[in-house]
Amino acid sequence: MRIHLLDASDHAGWEALVERCGGNALHMPGVYLPDHDPGAIRLLGFGNGEACALAIEEAPGLLGRLRGRERVMLLPTAPAVAEAAQAGPVRDALLAHAREQGLARIVVQPGYGTWLGGDETLARFRTTSITEFVLDLEPGYDALLAGMHKVHRKNIRRASRSGLEVVEDSSIEGLLQLRQLQLSSSERAEEKTEGFVVRDEVYFRRVYEHVYAPG
């Protein structure tokens, strides 16, 4: 199985391939454009459409090259593989591609794609744990509510009585309101234990441009 680079400008073609291989939104370039230069993103096709993957090449700058740093390829989510039985050949093709491209290292994050596994020769390169939080919105409101801690259910009922309104808003104004909510939450968290970093407004505008505006 060989890997070939696909045309990044063919958005419809890539989306169709991702869907055919059982991929998801995290295989779409727009998710990573707010943080990465478009020229660093690679769209990889495997064989005759058996799999596809999005990769980000992390090339060192001038100072990094002087210090001997080399090129690294990151797959922020594992490849989308149409048939689980093809996971082994996909893994082997990925390693062969990395060698051919002269990459010093390849990092495959396992979440949300097909876990490629590997034989014992790769065991020492494998991380032993992953922390992941998944919120499944499919069951519906009542099921989500039942799965929450009683304190959260109480707070939701209190907010409902106070006239809380839930709306869907994918506009830039909605995203900036989300940022304000995150800032407020971070400040409250800092008062109790420690806060968390909230990205600047420019980042939210890039997210809107690359993810929400195109749909």
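1. Let's start with S186, which sits in helix α6 of this predicted model. Helices here are DSSP runs of H or I with at least four residues, strands are E runs of at least two, and both are numbered from the N terminus. S186 counts as buried because its relative accessible area is 10%, where buried means under 20%, exposed over 50% and partly exposed in between, using a 1.4 Å probe and protein chains only. Which residues does S186 touch, leaving aside its neighbours within four places in sequence? The answer is G195, F196 and V198, with contact meaning heavy atoms within 4.5 Å.

2. Some housekeeping: residues are numbered from 1 along each chain as its sequence is written. Local features need pLDDT of at least 70 and side-chain atom pairs pLDDT 80 or more, while totals for chains, interfaces and linings use all residues, and side-chain values use heavy atoms, with hydrogens and water left out.

3. Staying with α6 (residues 172-192), this helix packs against α7 (residues 201-212) at about 140 degrees, the axes being 10 Å apart. The axes are lines fitted to C-alpha atoms, for helices over the stretch in contact, and angles run from 0 to 180 degrees between N-to-C directions. α6 and α7 are therefore oblique to each other; under 35 degrees would be roughly parallel, over 145 roughly antiparallel, 65 to 115 roughly perpendicular, and the rest is oblique. On the α6 side of the contact you'll find I172, L175, L176, L178, R179 and Q182, and on the α7 side E201, F204, R205, V207, Y208 and Y212.

4. Stepping back, the protein has 7 helices and 6 strands. Their order along the sequence is β-α-β-β-α-β-β-α-β-α-α-α-α. Of its 215 residues, 26% count as buried. Take the contacts between residues at least 6 apart in sequence: 60% of them join residues at least 24 apart. The accessible surface is about 14900 Å², with 52% belonging to carbon and sulfur atoms; the areas come from the Shrake-Rupley method with a 1.4 Å probe, and for residues only the protein chains shown count as cover.

5. Now the strands, which pair if DSSP finds at least two bridges between them. β2 (residues 41-46) is mostly covered, with 5 of its 6 residues buried. β1 (residues 3-5) runs antiparallel to β2 and is joined to it by 3 bridges, and L5 stands opposite L44 in β2. β2 is also antiparallel to β3 (residues 51-58), through 6 bridges, one of the partner pairs being I41 with I56 in β3. β2 and β3 make a hairpin with 4 residues between them, and G47 in the turn has a positive phi of about 55 degrees.

6. Which residue in β4 is the bridge partner of I56? That would be L74, and β3 and β4 are antiparallel, with 3 bridges between them. β4 (residues 72-75) is covered on both faces: V72 and L74 on one side and M73 and L75 on the other are all buried. β4 pairs in the parallel sense with β6 (residues 105-108) over 4 bridges, and L75 has V108 as its bridge partner in β6.

7. Last, have a look at L94 in α3 (residues 87-100). Is L94 buried or exposed? L94 counts as buried because its relative accessibility is 3%. The C-alpha atom of L94 is 9.4 Å from that of M1, although the two residues are 93 apart along the chain.
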